[in-house]
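Subject: Structure handover

Hello,

Here is the structure for you to look over. My notes follow below it.

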Amino acid sequence: MPAPMTNLLLFLEAPALLVQVLLDGILIGAIYALAAYGMALVWGVMNIVNVVQGELVILGGYLAIMFSGLGVSAFLTVPLAAAALFALGWVMYAGVVFRVTGKDMFVSLLATFGLSILIAQLINQIWGADVRSLDAELGSWLILDSVVTISRARVAALAAALVLGAALVVFLRTSRLGRAIRATAQNARAARALGVDTDWVYAATYAINGAICGAAGALIAMIWVIHPFAGLVFTIRAFAIVILAGLGNLALVIAAALGLGAAENFVGFVLGAQFQGAFVFSLLVAILVWRSRRLARSRKVLR
Amino acid sequence: MSARRWALHGALALLTAAAPFLLPALAVQLAMLWIMVTLALTWDTLGGQMGYNSFGNILFFGIGMYASAIVQVGLFHDVAAYTDPAGSGSLTFTPREYYLGLAAGLLAAPIAATLAALAFGALILGLRGPYFAIATLGLGIAGGEFAAAWGYVGGASGFLMPVFPGEFGRRALFFYALAASLGIATFAALRWLYGRRFGLALNAIRDDEDKAEALGLPTVRVKIAAWAVSAFFLGLAGAIFGNLNGLIEPREVAFSGATFGVWMVLMAILGGKGTMWGPVVGAVVFHVTKELFWTYLLGWQRVALGVLIVVIVLFFPLGILGHARRRWPETFRARVEGAA
């Protein structure tokens with residue numbers, strides 16, 4: 001019998017295993033939601049598809065591991081990585097991204113693609129190609145007659161992701177900068193005419209996205225493993241979630257992300273973890289094709 | 001064509017034919033240069049002429065490489081037995097088998113790559129700009145993962161190509177001739193295509209896809225055809241490079257997104273995307289500087305690659321040829337009139 005079949009039958013014999021696999025996936029999915037929300041923010045406000053998104057997440061993970069190596073407690077590494085990547089995001093905007101905002105998307109795609117190569121190879125050069133992770137040393141709970149283990153770090157990561165997401169929504173709704181960001185997203189020219197410094201708003205948006213990625217990366221390092229070239233799949237995940245959920249709806253983003261996490265973990269278990277990346281990629285193509293076919297019926301295109 | 005143009009082309013042809021004899025030690029490097037020229041030219045079909053970023057064209061390079069390998073070996077031996085690490089080395093090829101297999105492989109590679117482009121193109125070329133770009137991002141990776149998991153073609157340990165039946169110096173010349181023919185054929189074919197309605201259709205899609213469609217252009221079909229054309233030559237390039245390299249490794253050679261996959265983008269935009277000679281110039285400049293300086297960068301070369309792309313996109317978007325055309329318009333305009 002081929003291995004995928006035996007793996008599937010395993011679920012029949014031990015349903016608790018299915019609970020385990022799906023639960024693990026859902027807990028990771030919350031972090032996908034963070035990366036996807038950041039991507040949607042940059043896309044919606046600046047009209048840039050940030051190809052470097054995944055690499056920023058991975059960089060956040062490596063920074064968290066570095067801080068932890070300096071003696072910082074695991075949970076403090078999350079805000080530290082976020083702060084570091086907030087700064088980096090600002091620098092990236094001031095150095096590179098501001099030159100491509102407002103230009104054709106062809107240009108911004110190429111520029112962020114170049115940045116993604118740059119950061120991935122930089123990580124590879126500095127920290128090496130080995131797989132790394134950060135042990136938060138929280139242990140785990142055992143449920144369902146001790147068959148299912150729930151890593152406490154994963155639950156904490158889920159909670160952190162939800163708190164972060166909620167904080168972001170409140171920030172965008174109520175704060176002055178948040179209102180400026182939303183105004184710029186709606187109509188940059190009008191916002192400028194009404195006295196919003198859109199250049200500053202763009203910089204802040206890109207930096208905030210950096211901070212989100214940094215936090216997401218630190219959480220990923222705690223509950224999973226990272227390596228220098230894992231960023232690409234995160235970019236694809238974030239993109240898939242965004243086009244499924246749209247640019248503005250956080251609840252839908254979270255739902256899509258949790259679903260993706262569960263589906264991915266399920267497929268990874270049944271087919272083998274080496275096919276997880278290929279699955280995410282095929283899923284993206286499937287979503288894209290499905291959406292464009294639906295739009296094509298009314299003679300519209302995805303844009 | 002003017003007399004000056006004829007003289008220029010004649011000189012280039014002479015240089016091409018004489019190069020491996022003048023620099024016999026560099027014949028393999030020169031063959032690589034032609035492969036690079038082909039990669040840059042084929043990326044430019046979508047990236048330059050049609051205005052579509054494809055970050056996954058390396059897929060067709062890898063598919064061509066593996067298709068050729070499977071045919072070359074499969075005609076005479078059982079492929080699974082050949083790639084089995086326990087039994088490798090016992091199966092050999094006579095010179096006749098080698099050349100026959102290579103010919104069949106060079107036939108199969110472009111067919112397989114073109115079919116793949118048609119299939120993937122039909123799937124995702126209904127999409128535009130960023131959607132297409134991100135969808136291609138994973139293509140090369142997925143190809144590499146798949147090849148690495150496929151035991152029939154040797155899996156992650158790779159595929160050892162049949163050995164060239166002849167002395168070493170002749171091998172380099174042989175592959176130089178193959179690669180040079182491919183580069184020239186690609187250039188000639190693309191130039192012919194760009195000069196026809198097809199080229200105008202590509203440019204129309206780049207300039208305004210909605211208008212092109214409103215004017216009755218079957219844009220999706222044109223886009224798929226363009227991708228298939230570039231995949232055809234990429235497949236051939238892969239087949240030749242696989243034989244030249246001797247070992248096909250799934251992630252680092254065949255579906256090598258971090259090297260060839262990025263280089264083709266860089267070369268095309270460095271030379272000037274959307275121009276005929278730009279990718280050629282970009283490939284020559286990049287390959288020569290790469291060979292001269294690469295080893296001195298001590299591992300930082302791949303980092304430098306990312307920096308280069310960003311710098312070119314930001315500060316030198318027209319590329320070498322586009323810049324030259326803007327700087328000395330008379331020179332180029334005179335040439336365009338001469339060709340008409």
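Apart from neighbours within four places in sequence, Ala245(A) is in contact with Leu252(A), Val253(A) and Ala256(A). Please keep in mind that this is a predicted model. Ala245(A) is found in helix H10 of chain A, which covers residues 231-245. Ala245(A) has 22 other C-beta atoms within 10 Å, and 20 or more are needed, so Ala245(A) is buried. The C-alpha atom of Ala245(A) is separated by 9.9 Å from that of Tyr37(A), although the two are 208 residues apart along the chain.

Next, a helix pair. Helix H3 (residues 53-69) and helix H9 (residues 198-223), both of chain A, pack with their axes 6 Å apart and at an angle of about 55 degrees. That angle makes H3(A) oblique to H9(A). The crossing of H3(A) past H9(A) is right-handed. On the H3(A) side the contact includes Leu56(A), Gly60(A), Gly61(A) and Ala64(A); on the H9(A) side, Gly210(A), Cys213(A), Gly217(A) and Ala221(A) are among the residues involved. The residues of this contact between H3(A) and H9(A) comprise 13 nonpolar, six polar and no charged.

Last, a backbone point. Asn47(A) has phi near 55 degrees, a positive value in a residue other than glycine. Asn47(A) sits in the loop between helix H2 (15-46) and H3 of chain A. Asn47(A) counts as partly exposed because it has 15 C-beta neighbours inside 10 Å, a count that lies between the limits of 12 for exposed and 20 for buried.

Regards

Key. Residues are numbered from 1 along each chain as its sequence is written. Chains are lettered from A and ligands numbered from 1 in the order in which they are written. This is a predicted model: local features need pLDDT of at least 70, side-chain atom pairs count only at pLDDT 80 or more; totals for chains, interfaces and linings use all residues. Axes are lines fitted to C-alpha atoms, for helices over the stretch in contact, and angles run from 0 to 180 degrees between N-to-C directions. Helices (H or I, at least four residues) and strands (E, at least two) are DSSP runs, numbered from the N terminus. Angles under 35 degrees count as roughly parallel, over 145 as roughly antiparallel, 65 to 115 as roughly perpendicular and the rest as oblique. A crossing is left-handed if the near helix is turned anticlockwise from the far one by less than a right angle, and right-handed if clockwise. Two residues are in contact if their C-beta atoms, placed from the backbone, lie within 7 Å. Ala, Val, Leu, Ile, Met, Phe, Trp, Tyr, Cys and Pro count as nonpolar, Asp, Glu, Lys and Arg as charged, and the others, Gly among them, as polar.
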